[in-house]
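These are my notebook entries on a single protein chain.

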Amino acid sequence: MSAADAAFDHPPAAPEGAAFRPARIDYLSPAGDRGLYGPDSVAWRVHANPIALGVGGICAVILELAEPRVRTGVWEHSIFARQPLLRMQRTGEATMITTYGSTADALKRIAMVTRMHEKVAGTTPEGQAFHALDGDLMTWVHATAGFGFLNAYLSYVAPLSAADQDRYYAEGAAVGLAFGAPGPPGSVAGVEALFRAMTPNLAPHRIIDEFLGIVRRTGPFGLAGRALQPLVVEAAIDLVPADIRARLGLSVSPARLALARPMLRAMAAAARKAPGPVVRDAYARMGRKAFG
């Protein structure tokens, strides 16, 4: 499962020709059920902010699409190329359910995603066979999602201690195992080691450019946010590690990034003061008030 496409507490309207029908999840019940993470987790803090998820999600997809087998699976076996916003909404919903939903709802969604991925297999144009549930691919997708979300949070929302950053990855490792990633890294050092090991496999491709063009035009903030979307993409590219960015032939505009940073930080700060309904209900399920 790619949690990296983007996740938002308030899904926008679906594109023409498609309809997004949110799952009927009761985040208020059952009372006291902590789900897969719980209210004291770092994940509940990080995933509550739509700017962290939006910017981090795009960063993660760039990293996913740089891996040839993941790229082929995503582009040829999903609706992303045809209906990117609908795909982002569906994946965003899965992220919210597995983070804030009850244990039963989270496990049900993991099982559903796994059943879908069981059908995804093929061969890349370069002749590499793949299956969506291949362990190294599941680990890469899981790690890139966590990397994107965490680093976007650090850049645009708030600092976290080194211990909390490690804890974020350790918390996610258990969920990654449930999704089928056999060796999800559980620390910052573990993620860095995985990135070093995977970097030789990453390559530039026109599909990465096509994806970036799509998300520059199609964003989660609707028509009013269309002018902002290129800045979101700029911020996401900036999060990609410099050596991988160079390998993929991607560059960042200092002028656009200088414009993006204060705007995104202001939006992230506003979102922290007004958590969305999913976050509020999940905290209420635990008898707590969502942080402000």
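**Entry 1: Overview and confidence**

I looked up the secondary structure and found 13 helices and 2 strands in the protein. Helices (H or I, at least four residues) and strands (E, at least two) are DSSP runs, numbered from the N terminus. I note that this is a predicted model, in which local features need pLDDT of at least 70 and side-chain atom pairs count only at pLDDT 80 or more, while totals for chains, interfaces and linings use all residues. Residues are numbered from 1 along each chain as its sequence is written, and side-chain values use heavy atoms, with hydrogens and water left out.

I then checked pLDDT, the predictor's confidence in each residue, from 0 to 100. The mean pLDDT of the protein is 88, and 89% of the residues reach 70 or more. Over residues 1-18 pLDDT stays under 50. Where pLDDT is low, the predicted coordinates should not be read in detail.

I looked up burial next. Buried means under 20% relative accessible area, exposed over 50%, and partly exposed in between (1.4 Å probe, protein chains only). Of the 292 residues in the protein, 55% are buried.

I looked up the length of α6, which has 22 residues and reaches 32 Å from its first C-alpha to its last. This is close to the 32 Å expected at 1.5 Å a residue; the expected span of a helix is 1.5 Å times one less than its number of residues. Because 16 of the 22 residues of α6 are buried, this helix is largely enclosed by the rest of the structure.

Helix α7 covers residues 162-179. Its 18 residues reach 26 Å from the first C-alpha to the last, close to the 26 Å expected. Where is the kink in α7 centred? I found it centred on A173, at about 25 degrees. The bend at a residue is the angle between axes fitted to the seven residues ending there and the seven starting there. A173 is also one of the buried residues of α7, which include Y168, Y169 and F179. Just after α7, G180 takes a positive phi of about 110 degrees.

I looked at D164 in α7 separately. D164 counts as buried, at 17% relative accessibility. Leaving aside neighbours within four places in sequence, D164 is in contact with V42 and R45.

**Entry 2: Aromatic pairs**

I searched the whole structure for aromatic pairs and recorded 5. Rings of Phe, Tyr and Trp (its six-membered ring) pair if their centres lie within 6.5 Å; planes under 30 degrees apart count as stacked, over 60 as edge-to-face and the rest as tilted.

The rings of W44 and Y283 have centres 5.0 Å apart and planes at 75 degrees, so this pair is edge-to-face. W44 lies in helix α1 (residues 42-46) and Y283 in helix α13 (residues 277-285), so the pair ties together parts that are 239 residues apart in sequence. W44 counts as buried at 0% relative accessibility, and Y283 counts as buried at 5%.

The rings of F147 and F195 have centres 4.9 Å apart and planes at 45 degrees, so this pair is tilted. F147 in helix α6 and F195 in helix α8 (residues 188-198) are 48 residues apart, and their pair links distant parts of the chain. F147 is buried at 12% relative accessibility, and F195 is buried at 7%.

I noted finally that W44, Y100 and Y283 form one aromatic cluster.

I looked up R265 in helix α12 (residues 254-273). R265 is partly exposed, with a relative accessible area of 42%. Not counting residues up to four places away in sequence, R265 touches S155 and Y156. The C-alpha atoms of R265 and Y156 are separated by 4.8 Å, although these residues are 109 apart along the chain. The side chain of R265 reaches the backbone oxygen of S155 at 3.0 Å.

R226 lies in the loop between α9 (206-217) and α10 (229-239). Is R226 buried or partly exposed? At 46% relative accessibility, R226 counts as partly exposed. Beyond four places in sequence, R226 is in contact with R216 and R217.

Technical notes
Contact means heavy atoms within 4.5 Å. A polar contact is a pair of N or O atoms within 3.5 Å; within protein, one must be able to donate a hydrogen and the other to accept it, and residues adjacent in sequence count only if both atoms are side-chain atoms.
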